[in-house]
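Let's take a look at this model together. Please open the sequence and the structure side by side, and we will go through a few of its features.

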Amino acid sequence: MHIAVVPASSQTGKATIRVLLNDQQVAPTVQGVYRNLSKVPSEFTCHTNFRSVQGNIGDVTTLDFSGIDAVFLTPPPCYDGSDSVEFTRSVCNNVKAAIQKSGTVKRLVLLSSVGAQLPSGTGEIVTNHTAETILRDAAPEVVFVRCAYFMENWATVLETIKSEHPFFFSTITPLDYKVNMVAVKDIAQSVAAQLLATSSPQTLPESPYIYELYGPRLYTPRDVQAAFQQAAGKDVEIKPVEKSELREFFGKVLPPSLADGFTEMTVSFLPGGVMTQDVLDKFNPIVKRGKTELVEVIGELYRG
């Protein structure tokens, strides 16, 4: 079978390609779509079942899924300060058009987020709601993988962790607040399983088929602190960023529109928010869990 990963340069795209190329049962041919072919990792180019093609999801004329059986899409973020919802709408319509033009794509797997069912109040996660709305009928079979908070998001604090006086800021408060987190390697395994299942005559129970993907258990910022202390072999201070401080905190590193979106997104999953676990559970989601523990991911980030 033939699988396309677009864009292939994303963190989850690369991890999913690795899983697919290591599959011995189906042994699919994997097509990585890159805007810049110089970014194709050498670990992929030497594999006989991999081929790279140039394409830009911002330009529908560059996308060709002819002969492709399944597509994995990770809508890229928009960090230039422009309207992120409009950007997502444009790229998703482009991918949908390319899928339907191909005449061969049987299944689309979309990387989405918990809370994507909510049309507002979730900040940047609203882009996932937009993507799901557009792509729900893009292919005969559609899968939405709604992921929890990425464990790898903590990579942004490595600079201060490795400073003379190790510390990190936590926008998750209070510090004993438990949230679901998931590792990229577990996302890749789950996504790959959905893509490879296209080779089977068994169809999805429904389309779109939607499930939430969590790690093996809930974690707190204190767990993150403990994991960094284990990795660093020394004490690490944690500095909470309270709700009232979030807008100023994000405003120091992001354009105003993004700072607003990240603030609303963060508040949405903190206590009292529209995306707290007890609220999301009322939607009766299908839940799958990965196996990778936070301490393993933090250790790899620190050493890497």
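## How two helices cross

H7 passes H11 in a right-handed crossing, meaning that the near helix is turned clockwise from the far one, by less than a right angle. Helices here are DSSP runs of H or I with at least four residues, strands are runs of E with at least two, and both are numbered from the N terminus. The axes of H7 (residues 221–232) and H11 (residues 294–303) come within 9 Å and cross at roughly 45 degrees; axes are lines fitted to C-alpha atoms, for helices over the stretch in contact, with angles from 0 to 180 degrees between N-to-C directions. The two helices are therefore oblique to each other, the class left after roughly parallel (under 35 degrees), roughly antiparallel (over 145) and roughly perpendicular (65 to 115).

On the H7 side, Asp 223, Val 224, Ala 227, Phe 228, Gln 230, Ala 231 and Ala 232 meet Leu 294, Val 295, Ile 298, Gly 299 and Tyr 302 of H11, where contact means heavy atoms within 4.5 Å. By class, nine of these residues are nonpolar, two polar and one charged.

## About the model

This is a predicted model, in which local features need pLDDT of at least 70 and side-chain atom pairs count only at pLDDT 80 or more, while totals for chains, interfaces and linings use all residues. Residues are numbered from 1 along each chain as its sequence is written, and side-chain values use heavy atoms, without hydrogens and water.

## The nonpolar cores

A nonpolar core is a set of buried Ala, Val, Leu, Ile, Met, Phe, Trp, Tyr and Cys residues joined through side-chain atoms within 4.5 Å; buried means under 20% relative accessible area, exposed over 50% and partly exposed in between, with a 1.4 Å probe and protein chains only. The largest core has 73 residues, and Ile 17, Trp 154, Phe 168, Met 181 and Phe 228 have the most contacts inside it. Helix H6 (residues 184–196) gives the largest share, seven residues. A second, separate core of 24 residues includes Leu 63, Leu 110, Ala 138 and Val 142.

Phe 228 brings us back to H7. Beyond its neighbours within four places in sequence, Phe 228 is in contact with residues including Trp 154, Phe 168 and Ile 298.

## Backbone details in loops

A cis peptide bond joins Thr 173 and Pro 174, with omega about -5 degrees; Pro 174 lies in the loop between strands E8 and E9.

Asn 284 has a positive phi of about 50 degrees although it is not a glycine, and it counts as exposed at 67% relative accessibility.

Note on methods. Ala, Val, Leu, Ile, Met, Phe, Trp, Tyr, Cys and Pro count as nonpolar, Asp, Glu, Lys and Arg as charged, and the others, Gly among them, as polar.
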